[in-house]
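Hi,

Here is the structure I promised to pass on.

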Amino acid sequence: MPDTMIETLPITPERTPVKTVAVVRCEDYGRDTVFAAVKRAVDLCGGIGAFAAPGNTVLVKPNLLQGLAPDRCVTTHPEVLRAVIQLLREHGCRVVIADSPAAAIPYTEANLKRAYAGAGYDRVAEELGAELNTDTGFTIVPTTDGAVVRQLPIINPALSADAIVVVSKLKTHMWTCMSGGTKNLFGLIPGLEKLSLHARFPTEQAFGKMLVDINMVVKPRLQVMDAVFGMEGNGPTAGSPRKIGVILASADYSALDATAARLIGIDPMEVCTIAAAVERGLYAADGSGIRLVGDDIKQCIVPDYRKPASYQGGNRGMKHSVLLSLMQAAGRLYVPRPEIDATQCKACRKCERGCPVGAITMTGNVPQINRAKCIRCYCCHEMCTDSAIRLKRSRAGRLMAWIMRMEGA
Ligand code: SF4
Ligand code: SF4
């Protein structure tokens, strides 16, 4: 195929089978442009028929979060969602769009409808004959090969579907470093149940393992990632939109995420979900076994993509590793902590409701954070849509970050 470039990284077949990831240029959110890019990406992975059969019920799982407007780049863009649904509908599938938006938002029909409308998904569903899930039931499911959980509460439409197609958004993330395909399935945990998982898995590493467990339970068949415009900086809500100009597709969530990390200059092993997949033998740490097809990834990389403040900067050798482990031991000093900007605060209390360990209480109309209780999960930062929660390092943390930079220079 003359327009298709294939790059195969070194393979270690004894560890992982080759995983194909399609990288396709997509310059804007024009309907025809997006459809052509999504179709090409899916075709490069074997075509939609490789992932769903006519007559199947397919759950399409976007990144809905709080249902913010598409230009905020917090949610999967509705045109990318539309393109995936159009492929499935033309293939004869019944499509259900489902998500449980954000940790501190109760999983109710009213909240779902509000989020679908805010993200522009209601129009897409109506025009293409897809269904918007409003069933707020969930089922406790055993995780027979779970690494850190033995059972999980999963929303019902994910369990009744014949196949799950994940349509994620490429964003930086203060807690998991990057939000992509693997992290997206946290939205299959119903509403406030997410808070108990945050509390049970208070470290980034443990949280990443739990996210891989979710993926291993529900086994998504296809991943399509909206990286036309991503979010850089302190995502997943408070960062800034940034053009990347790419649609990614793959059958494999860790290969997709590792490729996405490469696009935005993040060391894949710094992403807790990818590190967890490596530990499970699902993906090789050196990126071997990924077969890139489509456009040349080297032409798509955005080298100056702004990382989250929590990013520690990749592997720079043994000296760095020793320093980093010392820093991790003093992690509470090193990692940024949430601070309230009272001048921006609208006293909506979403942060208070969303804190999994009850570290936030309102004093009058201003939230107060109990630093001794805070586990630095950044749920409050994710929940605040008024940019009233800033993430800042302490003086000691800033000193550590400075030492890191000097050491890596
Ligand atoms: S900090 Fe943000 S989320 Fe918390 S009460 Fe203020 S506006 Fe709401
Ligand atoms: S106050 Fe701390 S523990 Fe609570 S949501 Fe914010 S970052 Fe997480």
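Below is what I found, going from the whole chain to a few details.

First, some housekeeping. This is a predicted model, so local features need pLDDT of at least 70 and side-chain atom pairs count only at pLDDT 80 or more, while totals for chains, interfaces and linings use all residues. Residues are numbered from 1 along each chain as its sequence is written, and chains are lettered from A and ligands numbered from 1 in the order in which they are written.

**The whole chain**

The chain has 15 helices and 16 strands. Helices here are DSSP runs of H or I with at least four residues, strands are runs of E with at least two, and both are numbered from the N terminus. Of the 409 residues, 50% are buried. A residue counts as buried if 20 or more other C-beta atoms lie within 10 Å of its own, as exposed if 12 or fewer do, and as partly exposed in between, with C-beta atoms placed from the backbone. If you take contacts between residues at least 6 apart in sequence, 77% of them join residues at least 24 apart. A contact means that the two C-beta atoms, placed from the backbone, lie within 7 Å.

**The two ligands**

Ligand 1 is surrounded by 14 residues, the closest being Cys345, Cys348, Cys351, Cys384 and Ala388. To be in such a shell, a residue needs its C-beta atom, placed from the backbone, within 6 Å of the molecule. This shell has ten nonpolar, no polar and four charged residues. For the classes, Ala, Val, Leu, Ile, Met, Phe, Trp, Tyr, Cys and Pro count as nonpolar, Asp, Glu, Lys and Arg as charged, and the others, Gly among them, as polar.

Ligand 2 also has 14 residues around it, with Cys355, Cys374, Cys377, Cys379 and Cys380 the closest. Its shell divides into twelve nonpolar, one polar and one charged.

**Helix α10**

Now find α10, residues 272-279: seven of its eight residues are buried, so the rest of the structure largely encloses this helix. The buried ones are Cys272, Thr273, Ile274, Ala275, Ala276, Ala277 and Val278. And what covers them? The cover includes β9 (177-179), α6 (181-184), α8 (204-218) and α9 (253-263). After α10 comes Gly281, with a positive phi near 80 degrees.

The axes of α8 and α10 come within 8 Å and cross at roughly 65 degrees. That makes the two helices roughly perpendicular, a word used for angles of 65 to 115 degrees. On the α8 side, the residues that meet α10 are Glu204, Gln205, Phe207, Gly208, Lys209, Leu211 and Val212, and their partners in α10 are Cys272, Thr273, Ala275, Ala276 and Ala277. By class, this contact has seven nonpolar, three polar and two charged residues.

**Two buried residues**

Leu88 sits in helix α2 (residues 78-90). Leu88 is buried, because 25 other C-beta atoms lie within 10 Å. Leaving out residues up to four places away in sequence, Leu88 touches Ile48, Ala52, Val58, Cys93 and Val95.

Gln223 belongs to strand β10 (residues 222-232) and is buried too, with 30 other C-beta atoms within 10 Å. Ser168 is 55 residues from Gln223 in sequence, yet their C-alpha atoms are 7.5 Å apart. With residues up to four places away again left out, Gln223 touches Val166, Ser168, Gly181, Ala249, Ser250, Tyr253 and Leu256.

Cheers

Methods. Axes fitted to C-alpha atoms, helices over the stretch in contact; angles between N-to-C directions. Parallel < 35°, antiparallel > 145°, perpendicular 65-115°, else oblique.
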